[in-house]
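This report describes how the chains of a predicted model meet. The sequence and structure come first, then the contacts.

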Amino acid sequence: MLSIDERWDLIDKISKKTVKFGKYKHTLKDAVGELTVKPLTGIPVAVAVLYGFWSVFSSFAGFCTDGFLVKIFDGYWLPWLQNIFPGGLHNWLYNLMVDAGHIENGVLVPSDNCFEAFGVLTSGLFVPFGVVLPAVFIFYLMMTLLEDIGYLPRLAVLIDTVLHKIGLHGYAIVPTILGFGCNVPAVTATRILETKKQRFMMMTLLGIFIPCGAQLGIMEEVIPDTMGFVILYLLFGYFVFGFILNKIIPGKSPEILIDIPPYQRPTIHNVRKKVWIRVSGFLKVAVPFVILGCLIVGVMYITGFMDWLANALSPLLTNWFGVPKETVGPLVAAFMRKDLAVAQLSAIEMTKYQMITSVVLVSIYFPCLATFIMILKEGGKELLGSLAALVASVFIFGGLIHLIWILLGVA
Amino acid sequence: MKILLMGHPNVGKSVFFNRLTGSNVIESNYPGTTVDYTKGYMVLENRDIEVIDVPGTFSLEPKDKAEEVAVKMLEEEKDAIVVCVIDASKIERGLYLTLEIIEKGYPVIIALNMWDVAKDKNIEIDVKNLEKILEVPVIPTVAISGEGIKEVVSRIKEAKPVKIKNIIKNVGG
Amino acid sequence: MDKKLSEMRYGEEGVVKSIEGDLRNKVAGMGIRVGKKIKMITKQPIKGPVVVLVDEYRTSLGLGIADKIIIEVRK
Ligand SMILES: Nc1nc2c(ncn2[C@@H]2O[C@H](COP(=O)(O)OP(=O)(O)OP(=O)(O)O)[C@@H](O)[C@H]2O)c(=O)[nH]1
Ligand SMILES: [Mg+2]
């Protein structure tokens, strides 16, 4: 074995005999490459890029869902099913598969939209295909473009200072951004971080505070005006918890050390392929879990278990978090899928502020099942112990939000 | 026989892998896209041969978990043939990892990928001479267009372990 | 004149003179080594990382890492 210096000496000799470095002319690509990493120009560009990302995401998702899919699902699919499915509002199978109905002035009436119907064939299909699919599609399309252009490492450099303060470093932006698409691959991507401490922190923060594309899509649909608040709370939690975790978890936090590749023109072939891989991956994971979630929640309602649970947890929910006890259903659904949980929340009568709190709650109180399994696989058993501590912290965070509302005089 | 694709992050290993095996591994323009290995198969002289796409690593001293996976893979597959994928526009540091792998005694074949980028940067590489010095096949490739991939496949059987002493001797004083 | 890499100014160029102990291994594979020409591209504010040019490619290093690399500045 050679030593480092011997090896480099040898390479220098080889290179002298075989490589000629011609005069290199800097191109426009290089100039743009540098401008987007220098703070004075790079930070405004980063803000613009993220804002642009956001606008395209919300307008496209809204366009597809409100423009077409809601009309199809609520105008044709739901009434058609309500017509042809045997049984009726007083049949449990009908309740489970099509429409659970809801009480209005003491009578059970049929639902008029797929958010409220709660059935496997209605909400269970509308949520993944009607709302989430367009959102996930546009998110992945844009994320793929950013990846292939080569922007992510530059974003990492620009944000390094901030992330370094919480014991991570700029490259943690890669799993974070992947996580806004889906937390599952993001958990695996934490492998690019150097130490156990950093990976552990990143997985925890991802699982708890980073909403996935599916959740963003559904929030955009049901709480477009207040989702900004939700995201603000989540990002706030990300940094505050990061800060605390950094202080209490032993281990090193090495600094950033990465290559910044030159910009590249994305190829249609690769973009198409990656979007397809990811969207089909989403469908494979999401659809079964959404349907399973619908079934479980439906069965819990039918058997009366949900009411019992709601009453049992009522003091905690209403006094501590300040949300209606009916949110217990969505909280159960959130074990399976966050998108389903948010969709179910939208059918519950509550104030804007209660809605914000409850959406934040379903986001943070547990990673979705698929993510949880992945975290166990990647992080091993150490994570289980700390999970208990985290659940406790979540209660504090939820209570804190309630407190903020009380202080603002809105709750 | 197994084939390992090793190299720095972001040099095009996954593109290479997809071309060789027809798989659909994610390729992106940032280091650290691949963080776990993927196995695939290609046909060489009527035999199915396992090809493994490995996370990128800068050296055999891993600094993060993804690099650990790569180094562990290399250690586990003692009798694999290693295709070293080098970014031709950063050839010197690419050779660093390649030499490390050669020193460990693996049969090696070198793909000088991103040949198009090197050309744009006016970097001229004397491939013949490099082959003579390193005593292993060296093939310029452009993985995204497929250029050179066939030649790599056809010359895989020429890969062989080389003594580092020979390389030092070949390059002269 | 010798300087820490972290102290170089925009556009300054130099040659790596020494790298502190255990860091050598870590940056060796990335092509940063004694005798290599290096150019400062940019530094992020508030103790952020630096971006340098080595052999016409760009690498970003945290300030703490850049502190451990000594450069003989040319220009
Ligand atoms: N110009 C050019 N670009 C290439 C070539 N080969 C690959 N690329 C691009 O280089 C980038 C990296 O390719 P990947 O295959 O993901 O790299 P990798 O080596 O697998 O990277 P890691 O998984 O991070 O280790 C992609 O954007 C490719 O499109 C090539 O020959 N020429
Ligand atoms: Mg790869």
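## Chain A against chain C

In this predicted model, 23 residues of chain A touch 26 residues of chain C, where contact means heavy atoms within 4.5 Å. About 2300 Å² is buried between chain A and chain C, with carbon and sulfur atoms giving 59% of that area. Buried area is the accessible area (1.4 Å probe) that two parts lose on being put together, summed over both. Of what chain A buries against chain C, 27% is supplied by Trp8(A), Glu255(A) and Leu257(A), more than by any other three residues.

The interface of chain A and chain C holds four salt bridges, each defined as a side-chain nitrogen of Lys or Arg within 4 Å of a carboxyl oxygen of Asp or Glu. One of these salt bridges joins Arg58(C) to Glu34(A), at 3.0 Å from N to O. Nine residue pairs are in polar contact between chain A and chain C, both residues being at pLDDT 80 or more. A polar contact is a pair of N or O atoms within 3.5 Å; within protein, one must be able to donate a hydrogen and the other to accept it, and residues adjacent in sequence count only if both atoms are side-chain atoms.

## Elements facing chain C

On the side of chain A that touches chain C, at least two residues each come from helix 1 (4-18), helix 2 (28-35), helix 7 (152-165) and strand 4 (257-260) of chain A. Helix 7 of chain A gives the most, five residues. Helices (H or I, at least four residues) and strands (E, at least two) are DSSP runs, numbered from the N terminus. This side of chain A is made up of twelve nonpolar, two polar and nine charged residues; Ala, Val, Leu, Ile, Met, Phe, Trp, Tyr, Cys and Pro count as nonpolar, Asp, Glu, Lys and Arg as charged, and the others, Gly among them, as polar.

Strand 4 of chain A runs antiparallel to strand 5 (residues 57-61) of chain C, joined by four bridges; strands pair if DSSP finds at least two bridges between them. Opposite Thr59(C) in strand 5 of chain C stands Asp259(A).

## Overall form of chain A

Chain A has 19 helices and four strands. Its C-alpha atoms fill a box of roughly 90 × 45 × 45 Å along the principal axes.

## Chain B against chain A

Here 44 residues of chain B contact 47 residues of chain A. Chain B and chain A bury about 4200 Å² between them, 60% of it on carbon and sulfur atoms. Asn29(B), Tyr30(B) and Tyr96(B) supply 16% of the area that chain B buries against chain A, more than any other three residues.

Seven salt bridges are counted between chain B and chain A. In one salt bridge, the closest N and O atoms of Arg7(A) and Glu103(B) are 2.9 Å apart. Strand 1 (residues 19-21) of chain A pairs with strand 6 of chain B, antiparallel over three bridges, and Lys20(A) stands opposite Glu124(B) in strand 6 of chain B.

## Conventions

Residues are numbered from 1 along each chain as its sequence is written, with chains lettered from A and ligands numbered from 1 in the order in which they are written. Local features need pLDDT of at least 70, side-chain atom pairs count only at pLDDT 80 or more, and totals for chains, interfaces and linings use all residues, while side-chain values use heavy atoms, with hydrogens and water left out.
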